[in-house]
Structures are given as structure tokens and as C-alpha cells.
Amino acid sequence: MAGGGEEEELELLLGKLVSLGNGSGDHDAARDVIVDITELLAVDLTPAQYDLYISQVLGEKGIITFGRSVSKDQSFVEAKKSTLDVLKTLLDKEAQRINKYVDDIRKYTLYLYNVEKSTKVQAAALDVFCTLLAKCGSHIDVQEINVDHFIERLCIDIRSAKGSTVLQHQLQTLGMLMYIYPQNLRHQSPLILKIFKGQLVKHTGSKPDLSALAGVLRGLALYLHHFPEGIDDDPQLFIELYKHIHKVLNPDLNLPRRDAQRAALELIHTHGAKFSTQLFEDCTQVFQWFVKWCGSRNRDDHKAALPAMDTFIVVIANMLELQAMEDDKKGVPVFKYLLQEYNKMLETSESTSKLSLAVKGYGLLSGACRQLLSPVEVHTMFNQVLTASQHAFYQSGDMLENKLTNLPSYIESLAIIISNMDVVNSGILENVQQLSSALVEHFPLVSTFKRFLAYRALFRLFFTVYNKPGYFHEFLHTFVYKAIVLSCSHAPEVESSPGEQGSSWRSKAAGGEGWKGLKNEVVTFSSYIPLWTALMVPEKVANIKVSGMPATVMTEMSNFIYSEFISCILEISEKLDLTTYKQNELQQVEASGSEEGDPATSDPVSGLKAKVPKDFQVYMNVVSLLEKVLPLQSEDQLEPHIPRLMWFFVTQSSLQPLVSAHYNATTTILICSRQTQFFTRKQDPEVETSIHLLMSYVRELLQSCRQYRDQLLASCLTLILHLPLCIVQEIFPQLVSPLQMALQLGVSYLPLAEVCILALQLWTKSLSQEILSEHMPHVLPLLLPYLRSQETGGEAEVHTRVITVKMAFARQRRKVDQKKIKESKRVEETAMQKIQLMILRLIGGLDPLLRLHTIPKDPDTIASAAVRWNIQKLVKFATPFEHIKIDIHLDDLLPHVVDLAVNSSDRQTKVAASELLHSIIILMIGTGAQKSQETQLKEPMAPLYRHIFSAMLRLACDPDHVTRQLFLTLSYQTIHWFTNNRNFENVDTMVLLEALMEGIVTANDPALRDVSAQCLAEFVKWSRKQCRQQNSVSSNIKSIIKRIFSFCKHPSAFKRLGGALAWNSIYREIREDGQAVDIWTLDLLAHLMTSLDLAQADDPALGTHEQTKSAINHIERIIRVKSDLFQKKSGQRRLPPGFGDGSLVDVLKWLFEQCGRPKALVRHTCMELLASLAPQVKGCASVRDFIDKHVGISKLSEIVDILEGGGEAKMGISYVKNPTASSKHIGSSLKDIPTASSKHIGSSLKDINIFLEVRLEFDSSSKHIGSSLKDINIFLEIGV
């Protein structure tokens, strides 16, 4: 993208051009300066830059001013011609961007035509003027042209033409004026027609001027659009015109230039109906000529001949139908001749273009066939075309581009034939549908310039079936369903990259290679977006008009397609199998063949595998296709579908919360609902239902998203940021945390940041000032990293250096490269520049007092910025120069380097800062390793490490793969070094451990939690490896487990989650350490049970339930595998209260007592552990044997006492005052029943049921049945 340097260079070039125009330079230099200016216009520019450049180039000191200043100097002919070339190119490329300069260009071109003596400049001026009329005619007032005087001047110049090129443009200009201003020039019509007739006769004689002849024919084609107004009054006119045009159409003339013949073909294409009688009379000869033209290898000839041939056949077919209706049999020989020719082409021709001509001809003649022959003949014609199409497209496996170009012709022809058939059956339509599906399947291979043929053929087919009652809806549903499947059966875009083989499972059978489209690019769903766009909004696609099909019917057709698209999307999505499975640890170990399973993680997606991976690929594409297509239609068509789309995808997302595509689909629906103002009509029952559904769904999502990471997290946050205002206004305080997460993640993923800023812009306009003042101060400081970013270039900005004339060009004739200017693209501002501008607008729209919170003022932030990390300068780098040694202290540089590495949104800056930080950390560790213990005590690195280790872990889970790979390896290496400590609670080692534990309990960064857990496992592994005392537990392990105990009892859910995750990450190492197992296992079990008890009140979406139960299962496995160790007492074993002597029997007795805990999670977990560990006790094969042998309970009443007692907490039903009441005192409403009693009845029954399931035998004669059973009796009495 061009920058400020190019703007200055443009000003210099224009200044130089002005000086050259004042007579201070030579003409070659002026031409070269103009070429250099066009080079600046040929680079990729933003719209703002392009407009700025155009304003300078066409402004007061631009090329028009220069051209006027040298208009009378004949030495500047090339320079003036170059200025006109620039104007012509700009008009051809983006005429709407130079509308304000139309008048200047008009005056300039007419001025040059009038005063210039050079025919080259005159021709170029008229060419630009004609282009200006065609592109911007509505902006030019005919009075300003003084058109009568101008036409008079042109007529005079035509009579005394100076050259063929000028004459050509003069004649075209006359035609263009008659085409653009027919009302104003009606009185000039006879004169101009006379000129055209005279020039046509002159240049079709023995000595034709081919350039002038091309000008006559193109001017006449423009003229005939509106004149002559009374065709029937002068039938001789078209006979005379056709006589001369007929001469030019002959392809056997072997003319040196065929521009005139192409102009004649274009005239027949445009106005063939006006020469219908003459074409019908010369049908045989003209048909043969057109066949030759269509078979020409010259691209321009072929391009002009195809539409001319179509027009010719349409004209002949109309004439045949008209004669048949009048019972005139004169047309039968012509009809039979054409059918014979087409039959020959189908039977003998190997050329795909000729086959296409034959198929088109059959279709266009089918109407005449119905009139002249029997309906059976029409059916025969259909079979012949169908057989030809099957032979062409199904006989060989390869679908070449030229074959695909002809496929729309086959479909369109078959559609026309079907429209002329009296009887249609499903078999006929099925055959045509197969061809249409083949066209959709290979659509990416169709040339971009010929895709309009495919669109037109499909709409022709739809229109035909639409007129056949009873078939349309089924046909359209089948087509749309197959089209969606074909569009989405490729590798998702996230798995494909330019130049690489796509991982599409729809691959060629032979080689298994990924399917390629045009220019060998990987085919994805987006390759089909032009097709879907044309089907949904055909009015926006050029050349798609179908003859005989009104625009209203085409719009109605697109509405039907849109409705079917949505229905098919839901149908396909419902059929896909998106279920997953997760291997347990034993399966993982068996599958891998080693003892190393997957690392512990809080990521719920970890370890999940899709049952049907192909269905996931298809679903990702389906959702991406929905995202592109759903907003295409009008709001009226979209709105009725929003409720069912919302219900479907929200339901699917609730059932499968780990599928990110569900969130993307719901986001798309929310975006569309915002466009239609769907949620503003709260009185509508459907809207109210959708609001309630979305509200409950979002409340759950706000909790669960804190466990997600990467793409899943980004999808969830994007959905939350697109919530409707009616929901945002109710739950905005709960949205502060997602906003913070989005802005933090957005530093490395700018699309999410853009969505977040847009949401803030919208929300701050609708929320009250009170709410904003309370919550926005927590969000605004996170905008600073974006504002501080200064992009350094790289891929974002590619500066194209334009070099002015050098010695190498001194003797070369340089020209304006029109192709290069046309191919240059308009590029948008870089993503970061766009976001920065959005942030500034956001802050500018806030209350002045609220804006001040953008700069954080909390004590911690101020302290981190103002307080030094260390009072000593310890990080010294000795420069390795030969003659001088300079020590550079990096301490003061560290905070800024860390900030850039962690928070910079410019990748180049971030990577550079990360590499520097990586080197500094290695330098610090190496420097510390060379110091003695006394020196380390005097010059401690711990204050620096406290900041650096935390940043190191954050960078180890950074979204940027370079940074992540760099620091994850460094984190492991750092752990290997610092776990080699000799002393318990070594300062540097403990700083590292604290950083790991802080990372593992972080609230809103699951990636940091997981990386910290992995590093903690590495910490324990190397602590054991480097433990110097044999048969002793590493002091580091002791430090870790103590911290886990602290986390397990913490009221914060994330602290408890971190504690469980910490144990899950290190247990594989701990279980191999016999002493550690003996010392800590039972204490860990008690603390984890306490953590599980506290987790009962947590939202299950946070993951504390699953993580803590997993930790307890690991304890259970250790006890089960090493049961021999726990069969006996141990003096070093740490025993929690209630564990007796710490033997396995004592553990099971404690678990048995916990079966009465009031929290269901703890009760059920204790029961499961009891059932699993009881067989490990000697002499016990089941829980029943253990209870009989070691507990001694044989009555149901004693079991009830345990289950209702609540264990050691004594919070069961038995300890609730007046848990039940007589049925006489209980009302008919459940509200009268004591809350405590109603809560515990169900759980007590479940617990009794669990014990009964293990087939315990109790004395059933006991009269004490428990308070819970009494409560049941009361419930039954009141009829609950």
C-alpha cells in the first residue's frame, strides 16, 4: 500500500509537469513524467488514497491543465496522447470515482479535437469523449455541449476526413450522441442516417477503408437503438443496409483486419430482429458463415460470433413460428435444413463448440418444431440433445474447461425444449437435474468471464419447471439440497492454504489429489459463493436476463431458492453426526503403547475425537456458506426464518457445546436479526420466545466460555459481542469479563478486536451513563495496547517505489501502461489502522470523565509503571569488542521489552521483542549460574524473575506460533535448571513455582492454565530426577502439594479448579514415587473431597466438578494399584481427621461415613470409591463383605442413620429440626413443606437405592424406616 512518500513524489512529478508545460522542458521528458504518474496510479491504493491521487492528477495542477498549456505545441503530441490515455483508462476502470471531473474532461477532449492538428490526438480525444458519454452521459448536460454545432462540425470533418482512424471515431461519436440524447437530436436523425448510408456504401465498395467501415457499423448500431422511428414507413431502408452488411459478414474475404467484420456481427446481435426478413431469405448462406465465425480460433472473432449466432437462430425460429401460425409452409424447407445441419454436427463433429451450437439450435427451434411437426418430434429432439449431453459430459472422466463452457448451453437448450413439450414426467426432469448438478459440482472450473452463462441456464431451467405445475417445489428442493452438499464437500478453508494440496475427502479416484479449480487453486466452499450470489440476487449480476422471463418472476424465483436454501441447510445439519468420544486414560495408554497419556488440561476439547470427521468438515462449510448467503436477500425474506434458525442452532449448541461452528451459525443469525430489527418488536410472541431462549442460553455460555480457548473461545466471544441490545441492557455487568477476554485475545487476533470495538460503539450509545461509569473503567484500559501499536510494515504495507526517468529510459519511447492501471486494486486500510480509528471514535463518543479511564489509574498499574523491578542493576551484557569492553545494563530495558513481547499487536515488533527477551532470560540464568551462593544472596535475581517468569509463561501459550514455540521450549529449559536446587524453598525456584501456580489458577485464560499445568508436570519430573537424597521425597514436591492443599480449600472456584488441575498434571510422577504416595495420598484424598464439597455450588460449566472428580479418580487408582502399601500402617503417612491409623480399612470406613454427606457430588463419589476399593481389602470381594466384616451393620435402620446423618458434617436430615410434620398440618401446596426436608428426600432415596443395588442384605423387620420414608408418606397423603 502506498504511503506518504508516494504522495510527495506525486506532487513533485506534477510540479515538474507544470514546469515542462510552461516551456522549460522537452516533450520526451513530459511524456515520461506522465508515465511515471500512471505508475503511481497502478499500485494498490486505499479508496481514500486513490481519491486523493485522482484529485491531484485531475486538479488545477494536473494533466488536464498541462495538456491545455501545450495544446498548440506540436512537439508535445506524444505527451498529449498520454494524457488522453490516462483519462481513458480511468474512465474504463472506475468512472463513478471521477464524476466530479466529468465537465473538465469533456471540455478538455472537445478542446483538443477542435484545436489539435495531429490526427492521433484527435482520434484519442474523440475516443475519450465517447467513453465519457457512455459511462457518465447522465452527468453531462446536452446544452453545454452545443450538440448541434458539434454535429455540424463532425459532418464537415467526415466529408474531408484526414485519416481513417479519425473518421472511425467521428462516425462512432455521431452514433453515441444519437444513442445518449435521442430526444434532443430527433431533428438530426435524417442527416446522420444519410451520412451513415453514404459511408457504408463508400466503404463496402471496391476500395474499402476497414477502420472507417468499423466506425460506420458501430455508429449505425448505436443509431438504430432509437432511430428511425417509423420502421414500417421505410422498409426499403433495412433492405439497403442489409445488402452492404451482408457483404461484410462473409468470413472468406480474408481481410487484413477483421475489426469491421466483428462490428457487423455485433450489429446483427443487437439489431438482428430488424433484418429478420433478409436473414430468413439468406438463411442457408448466413448460417454457414456464422458456423465458420463461431469456429474461428481468433478469440475476438469467436466472442463476437456466438451472440450473433444466437440472435440469428432466434430470429429464424420466430419467423418459422409466425409462418406456422399463418399456415404458411414456406418455412418448412428452412426448418428441415437447420435440423439436418444440427444432426450432422451432433453425429460427426468432435468440436465442443460445434456441439454446443447444435444443442443451442435444437433448443431454440423446439418452438417451431411444436408448430410444424408433432409433439412426438419435440420429445425426440429432447432425447437427441440429452444423449449428446450424456456423451459429452459423462463418457470421459475429465471435465475440461471448454466442455464446462458448453454445459450451460445444453441445460438451456433442454429447458427450452421442455417448455415446448406438452407432457413432462419426473424422469425427464431428473435427467436435466443431473446435468444441473454436474454444472454446480464443477462450477469452480468455469471461466469467470463465462459464468453468466451458467447463471442464465439455471434460471432458464427453473423458469421452465416453474411453468410445469406439480414439479417445481420438489425439483427446486432437490437441486438446492445437492448444490449445498456439493459446495460443502471440500476441505474447510482453515485446512487449505494457497499453493498447497487441499485435504478434501472428495478427491480424484485415481491419484487422490486435492481437487483444483481455475489457476490450480484449492477448491473450497467459497469457490461457489459467486453461484449462490447469482441465485439469490440475480438483479445484481450482469448478462443474466432470460428472454421471456419477467424481472418479477426472476425475483420470485430467487425468493423460492432462498427459502429452500434455509430449509436444506437445517435438513443437512440435522443429518450430520457431530458426536464425539473421549478415550479414558487406560485406553490412551493401551493405544499409545506407553505409560505417558495425554497431559492434564482444563480444556474440555482436549482428547476429543470426532466419530465422523467428514461430517465435521461438511458442517464447518455449511455454516460458512450460511454466513455468506443468509444476508444476501432482503429483510422481508430473511425475517420469517430467524425464529426457527435461532431455535435450531441454539438447541444444537446446547446439546454439543464444544462445536465452534454452532456458535458461528448463531452469530450469523444474530447479525441478520440486527439488520432486520427483529428483537425490537418485543410484543411479538415469536420475538419474546426467542429472547427468553437466547437469554437462558447466554447465561450458560458466559460461564462455559471461561473454560474454552483458541477458536472455540473466539467463536463464543464473537457470539456474545453480537447479542441484541435488549439482552445486553439486562446483563451488561456480566459481559465485562467477556469484553476483557476479547480485547486481550484480540491483540493477537485482530478480527475479534474489531468485533469487540464495534460492539462497544453500539452498546455505549444505548446504555445508561450510570452503568457505563460503573463498568467501563474495567474495559477501557485494555484499549491502550492497540493505540500504542505502530505497524512496522512487513506484509501489511508494500511500498511500491516508482523511479522517475533514468539513463536506461533516456532513448526509449515509454507509454502509459493502461492494463497495469486497470489491474491495480483498491486496498483497505490495514486492520490495525482501522481498529485504532474505531477506538478513537469510541473514546471520543464517551463522557469526558469516562474517557480518562482509558489510561489506568489503579495503584497496581501505577506501581508497575513507576516502581523499578529491582534496586540493583544485575543484568549486565559485556560487549565482545576486541579493543574495548563496554558493559550494558539491561535492567531498565526489561519492563518495556516484556510489555512489547506480551502486548504488542504488531507481529514484527512482537517477535523482535520476544527474541530479545528470550536472549535476556538466558543471559540472566547464565550469569546467575556463575555466581557463588554468597554473591547470589547479595545480588538476588528473584525480584526480576517474579516479572519475567510470569511473562515467559504467557508467551509460551501465545497465539503466535513463533513466540509460543520459542518460549515453551525456554520454559522447560528454565524448569530443568531451577529444579536442581539444594535447599528447601530456594528463592529462585520458589519464584518459578509461584509463577506456575499463579498461572494454573488464572481465571480467564485457559491456555495459560494448561501451559502452567504442563510446566508443573515437567517441574515435578525434573525435581525427582535431580533429587540428591535417595529414598526421600523432593522438597519441591512438598512445596507443590502444600500449595494444592491451600487451593482445595479456597472459596474461589478457579483456585479449586487450579488445585485439581495441578494434581492431575503431576500425579503420573507422584505415583512412581513410593514415599510421596505413602505420605500424601490420604491427605490429598481428604482435601480433594473438601474441594468437591465446595464445588457443589459451582456452575458445572466452569469444569470444577469434572476436574476434581478426575483428581479423585487418580487417587483411587493409586490406592487400588498400590493397595499392598495401604494394607498396613505407616509412621510417615499424613493422616487427616477421621482416618484412624491410615490403613485401607480405615480409609474405607471413612468413605462409608462420607456417604451421608449432604452434597450429592461427595456422596456419590464416596459410594463409587467404596465400591471400587472394597475388593482390595483382604477377605472382601464386595462392599457387602466389607460392611459385614469391618463395619458390622446388618440393619436397614443403621444404614438410614448413616445416609441421613450427613457424616462428620452432621448436616443430614436427621439434624434438621422438625424435618417432617403430620399430614394434618400440611396444606395442599408444596410451599408448605419444609425446604430442608424436600431437598433431602430425593437424595436419601437415591443413596438407599445405590446401596440396594450392591445387593446388601439387611433385617427388613426393623420398624425404624427413617425420616425420609416418613416424608414420602406425607407426600403421598397430599397427592404429590
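How many helices and strands are there in the protein chain? There are 59 helices and four strands, with helices (H or I, at least four residues) and strands (E, at least two) taken as DSSP runs and numbered from the N terminus.

1. Ground rules. This is a predicted model, so local features need pLDDT of at least 70 and side-chain atom pairs count only at pLDDT 80 or more, while totals for chains, interfaces and linings use all residues. Residues are numbered from 1 along each chain as its sequence is written, and side-chain values use heavy atoms, with hydrogens and water left out.

2. The chain overall. Of its 1280 residues, 52% count as buried; buried means under 20% relative accessible area, exposed over 50%, and partly exposed in between (1.4 Å probe, protein chains only). Take the contacts (heavy atoms within 4.5 Å) with a separation of 6 or more: residues 24 or more positions apart account for 75% of them.

3. Salt bridges. Searching the whole structure turns up 40 of them, each being a side-chain nitrogen of Lys or Arg within 4 Å of a carboxyl oxygen of Asp or Glu. As background, side chains of opposite charge can pair when their charged atoms come close. Three examples follow.

4. R106 and D103. Their side chains form a salt bridge at 2.6 Å, N to O. Both sit in helix α6 (residues 102-115), three residues apart, which means about one helical turn separates them. R106 is buried at 5% relative accessible area, whereas D103 is partly exposed at 28%.

5. R258 and D301. Here the salt bridge is 2.5 Å, N to O. R258 is in the loop between α13 (235-249) and α14 (259-271) and D301 is in helix α17 (residues 299-325), so this pair ties together parts 43 residues apart in sequence. R258 is partly exposed, with 30% relative accessibility, but D301 is buried at 0%.

6. R456 and E412. The closest N and O atoms of this salt bridge are 3.6 Å apart. Because R456 belongs to helix α23 (residues 451-466) and E412 to helix α21 (residues 401-419), the pair ties together parts that are 44 residues apart in sequence. R456 is buried at 19%, and E412 is buried at 14%. Back to D103 and R106 for a moment: salt bridges with shared partners join D103, R106, K107 and E144 into one network.

7. A helix pair to look at. The axes of α46 (residues 961-978) and α47 (residues 987-1000) come within 10 Å and cross at roughly 140°. Axes are lines fitted to C-alpha atoms, for helices over the stretch in contact, with angles running from 0 to 180 degrees between N-to-C directions. That makes α46 oblique to α47; under 35 degrees counts as roughly parallel, over 145 as roughly antiparallel, 65 to 115 as roughly perpendicular, and the rest as oblique. The crossing is left-handed, meaning that the near helix is turned anticlockwise from the far one by less than a right angle.

8. Who touches whom there? On the α46 side the contact uses T974, I975 and F978, and on the α47 side D988, T989, L992 and L996. These residues divide into four nonpolar, two polar and one charged. Nonpolar covers Ala, Val, Leu, Ile, Met, Phe, Trp, Tyr, Cys and Pro; charged covers Asp, Glu, Lys and Arg; the others, Gly among them, are polar.

9. H775. This residue is in helix α36 (residues 769-775) and is buried, at 12% relative accessible area. Leaving aside residues up to four places away in sequence, H775 touches F732, P733 and V736.
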